[in-house]
Amino acid sequence: MPTISDASHRSGIADHIFCPQSEREIQEIIIEMVESDTPLTVVGGKTGLAGACSPMYGGIAMEMSKMLFVEGRERYTTHNVTDSETGTNFQYLIDQKTNTGIFPPGITLEEMDRALETHNLFFASKPGYMKGQLGGAVATNASGPRTFSYGATRDAVLGLHICLPNGDLARLKRGEHSIENGSFSIGEFEIQAPMYDLPIEKNMCGFYSSPDMDLIDLFIGSEGVLGVVTEIEVQLYERKETETQMIFFSSEKDLKICGFALSELRLDLSNIRNGGIFSLEYIDPVALGLVEDLLIKNGITDKNLCALEIEYWTDDGTTKVKIETLCEAYNALPTKLSGQAVMQMRYTIPQRVNGIMAERGMIKVASDFSVPDEHFPQMIEHYIFATRQMQLVNDGDGPAAALWGHFGNSHLHWNAMPDSQSAFETAQEIYIDLAQKAIDLGGTVTAEHGTGKKKIGDQLMLEMLSPEMFEYAKYLINELNPRFLLNRGNMIGYKK
Ligand SMILES: Cc1cc2nc3c(=O)[nH]c(=O)nc-3n(C[C@H](O)[C@H](O)[C@H](O)COP(=O)(O)OP(=O)(O)OC[C@H]3O[C@@H](n4cnc5c(N)ncnc54)[C@H](O)[C@@H]3O)c2cc1C
């Protein structure tokens, strides 16, 4: 029987894997799921970091990689392409007048990006790893470096086709399904709208909630528990030449001060979509040490540095001046790198952490917290302290913890790398403590990876963040997915 796992290495076994090629086939599989009372897990590109596509409760799996075609329609031109690198043949629609496109769920984000290059357009949600599928990006509301300026996947989604857990097909268009008398209607269902405040805008814990939300927002980031995404309409943007500067600081102390300066810089860039910085990322000295060979290849030989990566439009002179001023003020060293070199570094760091942990025969403990911008410098202090604690509890002198991620969204990933069972237990305690600190500062415990099937110390992330959100999630799943057959265990866990 096939074992399925994602990038978090949480795995599950499915009795059988289906690979549907059309909405009709998906509907048939779902009807079969209901009639035979069999759990069904939807599998995208398996790049998720929360075990959400792993069939940990058994049953059958549905791989989406053959969902590659969309039906043509008025206003749109239909494009049939074969990807130059993967050889995948797929179809999509573009309306060049409005810069919108309709895509199938099974293409990967890198295939989509290569296709869009021919139209001089891009899809702004660009996670650190582009081998995930578009359907997976919708289900996890994927975000990435450019979220700083363009928002997450949610901000780009204009329409969705969804096969609901009862087999019905819903065609949703943003703007056509707003809240009426505190509820949404969808097919035969009348469901209450969520009424809680989100801790923070960048949040992947629980269902989205906002007074002016659209029904479509409940499905985006729902980890597949409300239905299968079968078609996606998105807003695209005109492609322009970009530049990336890495700014190296001699110590974390400088960077802490710099945190304040950058908060001001962020506020300053109010018209950010038309100019200015669109991604602002951080890498700490330990993480940079893990990619020393790549740094040397790019002419960077200094050690004990931490770095900010700033991506901006090449024609944006104002940002260049701001970067120069920042570097002078903090005695920092700017280095221009190619977009490809930066992507390679972003991707290699987590891979090398995983490699070290595999060698040690241990599991890393990784965070995904984000906090309001005004509390970010404080959170950085907590991370630095947490890293020192890990250095003390690890037996060896190899890397004990590394920190990197989305500085622009006050959202860093702290990765503890324990080298013994007792260090692993301490890492979990530190994680819980950091999570509580992020919550106390008004932040979230998962900003982009989602809850999936993650559990730390038997405490569900969602419960930890907000009991109200957790209750709503239980209510909604029970309404639309009553026996929790579809994507069982995601978001709220599952007990018989
Ligand atoms: C090195 C690395 C860097 C990463 N960087 C980022 C980052 O910067 N930002 C970020 O947000 N994430 C990041 N991720 C996580 C991951 O890339 C995203 O979560 C991605 O969106 C998952 O897509 P996938 O197709 O691989 O989904 P999977 O992992 O296969 O599945 C994820 C969830 O989506 C559901 N799903 C998949 N397709 C559908 C569908 N068509 N309909 C309904 N449900 C579906 C699955 O059932 C599951 O619940 C990173 C991962 C790695 C390994």
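This is a predicted model: local features need pLDDT of at least 70, side-chain atom pairs count only at pLDDT 80 or more; totals for chains, interfaces and linings use all residues.

Colleague: How are H12 and H13 oriented relative to each other?

Modeller: Helices here are DSSP runs of H or I with at least four residues, strands are E runs of at least two, and both are numbered from the N terminus. The axes of H12 (residues 376–393) and H13 (residues 421–440) come within 10 Å and cross at roughly 170°; axes are lines fitted to C-alpha atoms, for helices over the stretch in contact, and angles run from 0 to 180 degrees between N-to-C directions. Angles under 35 degrees count as roughly parallel, over 145 as roughly antiparallel, 65 to 115 as roughly perpendicular and the rest as oblique. So H12 is, relative to H13, roughly antiparallel.

Colleague: How many residues of the contact of H12 with H13 are nonpolar?

Modeller: Contact means C-beta atoms, placed from the backbone, within 7 Å. On the H12 side you get residues including Met379, Ala386 and Met390, meeting residues of H13 including Ala423, Ile430 and Leu434. For the classes, Ala, Val, Leu, Ile, Met, Phe, Trp, Tyr, Cys and Pro are nonpolar, Asp, Glu, Lys and Arg charged, and the others, Gly among them, polar. The contact has 1 charged residue and 3 polar ones, and the nonpolar count is 9.

Colleague: Which element gives the most to the shell around the ligand?

Modeller: The ligand is surrounded by 36 residues, with Gly44, Gly48, Gly132, Gly135 and Gly136 the closest; near means a C-beta atom, placed from the backbone, within 6 Å. Elements giving two or more residues are S4 (40–43), H3 (134–139), S14 (228–235) and H11 (339–360). By class, the shell splits into 17 nonpolar, 15 polar and 4 charged residues. The top contributor, with 4 residues, is H3.

Colleague: Which strands are at the edges of the open sheet of 3 strands?

Modeller: Its order is S3-S5-S4, with parallel pairing; two strands pair if DSSP finds at least two bridges between them. S4 is joined to S5 (residues 60–63) by 4 bridges, and S3 to S5 by 3 bridges. Pairing on one side only are the edge strands, S3 (16–18) and S4.

Colleague: Which strands stand at the edges of the open sheet of 6 strands?

Modeller: This sheet runs S6-S7-S8-S14-S10-S11, with antiparallel pairing. Neighbouring strands are turned by 20° against each other on average, direction ignored. Two strands have a single partner each, so one side of each is left without a neighbour in the sheet: S6 (77–82) and S11 (169–173).

Colleague: Is asparagine 141 buried or exposed?

Modeller: Asparagine 141 sits in the loop between H3 and H4 (147–150), and its phi is near 45°, a positive value in a residue other than glycine. A residue is buried if 20 or more other C-beta atoms lie within 10 Å of its own, exposed if 12 or fewer, and partly exposed in between, with C-beta atoms placed from the backbone. Because asparagine 141 has 26 other C-beta atoms within 10 Å, it is buried.

Methods
Residues are numbered from 1 along each chain as its sequence is written. Two residues are in contact if their C-beta atoms, placed from the backbone, lie within 7 Å.
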